[in-house]
Amino acid sequence: MIGSRVWFKEMKKLLFGFVLIITLMGTVVATDYYVSPTGDDSNTGTSVESAWRTLSYACSQLTAGDTLWVVNGTYQDDYCSLSASGTSTSWITIRAYNGTPVINGTFNETAGTCSPSYAVRFNYNDYIRIIGLRIRYVDDGLVRFGSHVKVEDVDVGQICGYAIFIDSHLYAINTGNALNHIWINNSSIHDTAINGDTGPNLIHIAGAQADEGEPAGHHIFLYNNNIYGSGLHQILNFQNYNPPDYTNVGLHSVFVINNTIHDLGFNPSGMWTIYGALVNSTFENNTFQNINKYGIAGQMINVTFRNNILNNTDGLYLWGKLDNCIFENNIIRNVNNYFAFGVYDGINTTFRNNTVEGVHYGRFRGSSTNHTIENQTQPVSFILGSGATIMVSYPSGRYFELSYTSGDTSYTMSKHHTADGCVAKLQNTGTTESYFTLTPYNFSAIPQYQPGTITLNSYDLPSSLNFTANFTTASGNVNFSVWSLRPNHLYTIKRSDGKYWDGSGWVDTITAISSGADGEISFSNSEWSTETFVVTDQGPVGEPLITSVWNSVTQDSSSEITIEEGTTVEYRVVADQTINTWTWSGVDSHTGDGSDTSEATKYYGTPGTFYVTVYGSNANGNTQTVTWTIDVNRKQTEWPSEPTPPPSTGPSPSQPLPTPTPPIVVPPPPEQGMTNEQLFAIVVIIVSAIALVIIIKS
């Protein structure tokens, strides 16, 4: 037993040593180094006082976990070329120690060249951070990125070539991986091609596929940058070296957010603000200002362009294939073109809640199909190429109509109202481009279930509206709203069967409802065939209008009365103010001229159908009408009937008394003992506990 304890102690020592060795093997010794314009490359570089002199020497000494502090000053014709990578837990960092150090090259105006050829070259190394540097007059700014690279608070400008050139082709070949996780944040990137070169872009990110079916690069972030002053070529170039299977090998998950992109020149040979192949990417909260370039070119799949402002630009001309992209909540004004959105090709792209000022909303050409313009509250004009289709929807079931401007008149349009809004599908079936405008009207229809259609018969709001609604019984209740009416006016809503809306249902008598301070009325209908509705302004609240109707037979406002011959019927109408003249027809006499109430009587001595009508009018010429229909039946002779015996109050002798139900006796549950399984489990626990105690004591 003593030998066993010794053996256990020795094993613990060996295990502890093994863990310690493994831990030390994984530990990276991180060192802070310094470089200064007044330093010396023969120094140790471990303090400001013993700093190195050149960036080229300092960067070559860095290994994983190291930080190079760059002391403020100018590093003339110097550069940084990295030879090592960091790790996920030990990044290599190059950052300003104080102020804003400048890597300054030389611009030869006569030759039109800049040198050195770059300021920072990553050599496709990974896990690198560059923070707080300024770069001037070199050929390219930052080049040959690896993966997991962060560029922050950097100012790159006044250079001959690319400000940032991320080329993953060789990276994919050398590492077998696609470029990924690159951040360019809080930086100023500007004024490239100062020598007039037509090739460079401000930011160039070229993806390359490492393995078939994989993205060419992914997770690239551009946040809070100030990008401006390029006279040439693309601004943001997301290029792809691989064959055009963009769904799989485009750059995935690119996020361009909160950037200001402005004051960029025009170059007819390469004139795109954003270019490339992007998948599952987002452009959000950016401002594009004073840009004489077209918008987006390339292949875009599942790309969202949201909450951006474009002012004094060429709009967003989307040249290339779009698939399932979304453009929403953007503001586009002062466009140097005749349309805000231009779509050359693509399918299933949604334009939602965008504000477009002064130009056509969009131009949809080529094989563009199933694009949708959603939630428009203003008229929208657009251009459709031959064969192109587009869906346009307005919120809250708002009604709108199509007008044709110019071009080929061959087109088809279907329009229907759904619970989500009113939607129209339009296709240009002609051979040339056509110009259309969709204009919304100030009324809507929202069915509870099945969609339906509406035909506008006449539109003269705020005075009157006449439309025909075609819904099925499966549509359920359909809610209608009409707005932009005269505030505090009374409006009648008459259905094709002659009934009026009284605020809660359809009634036979003339009834009007107020438009209120907001100038809006609502009504509904659930009894469906094809119905026509007429909305008519009856004047301000307080002008003459019959508000109450009564007859002595039904004692209510019913307009249909059935009586027997020999009956006298009394009629009464009440207006909301004095009526100068009450004109009755079909009655024996009436009273009430010059008051708000008029009463009339009529004796019906013969069978038949009769009508009573009353007109109320005042000095302003406002007139209201009420009509009753009276069916008079022949009086029937009544014969006495045999008396009915009184009902019996005692019990029937033939019915036996109910037999009481005996109480149900529930036997008590049987007593149960402990099962064999439970006994066995207890024995196992006791034996295990005894064995454990013996082992511990030994």
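Predicted model: local features only at pLDDT ≥ 70, side-chain atom pairs only at ≥ 80, totals over all residues.
Entry 1, salt bridges. I searched the whole structure and found twelve salt bridges. I then looked up individual pairs. D155 and R134 meet through their side chains at 3.9 Å, N to O. I located D155 in strand 14 (residues 155-156) and R134 in strand 11 (residues 134-136), so noted as distant parts of the chain, 21 residues apart. D155 counts as buried at 17% relative accessibility, whereas R134 is partly exposed at 30%.

I recorded a salt bridge between E284 and R306 at 3.3 Å, N to O. E284 belongs to strand 25 (residues 282-284) and R306 to strand 28 (residues 304-306), so this pair ties together parts 22 residues apart in sequence. For R352 and E328, I read 2.6 Å between the closest N and O atoms. R352 is in strand 34 (residues 350-352) and E328 in strand 31 (residues 326-328). E328 is buried, with 10% relative accessibility. Salt bridges with shared partners join E284, R306, E328 and R352 into one network.

I placed D78 in the loop between strand 3 (74-76) and strand 4 (80-81). D78 is buried but has no salt bridge, and R53, the nearest side chain of opposite charge, is 5.0 Å away. The D78 side chain does reach the backbone nitrogen of L55, at 2.6 Å. I listed its contacts, among them T54, I103 and Y118.

I686 is in helix 5 (residues 676-697) and is partly exposed, at 48% relative accessible area.

Definitions and conventions. Residues numbered from 1 in each chain as written. Heavy atoms only, no water. Helix = DSSP H or I, 4+ residues; strand = E, 2+ residues; numbered from the N terminus. Buried < 20%, exposed > 50% of the residue type's maximum accessible area, 1.4 Å probe, protein only. Lys, Arg positive; Asp, Glu negative; His and termini not counted. Salt bridge = Lys/Arg side-chain N within 4 Å of Asp/Glu carboxyl O. Polar contact = N/O pair within 3.5 Å; in protein donor to acceptor, adjacent residues only side chain to side chain. Contact = heavy atoms within 4.5 Å. Lists of a residue's contacts leave out its neighbours within four places in sequence.
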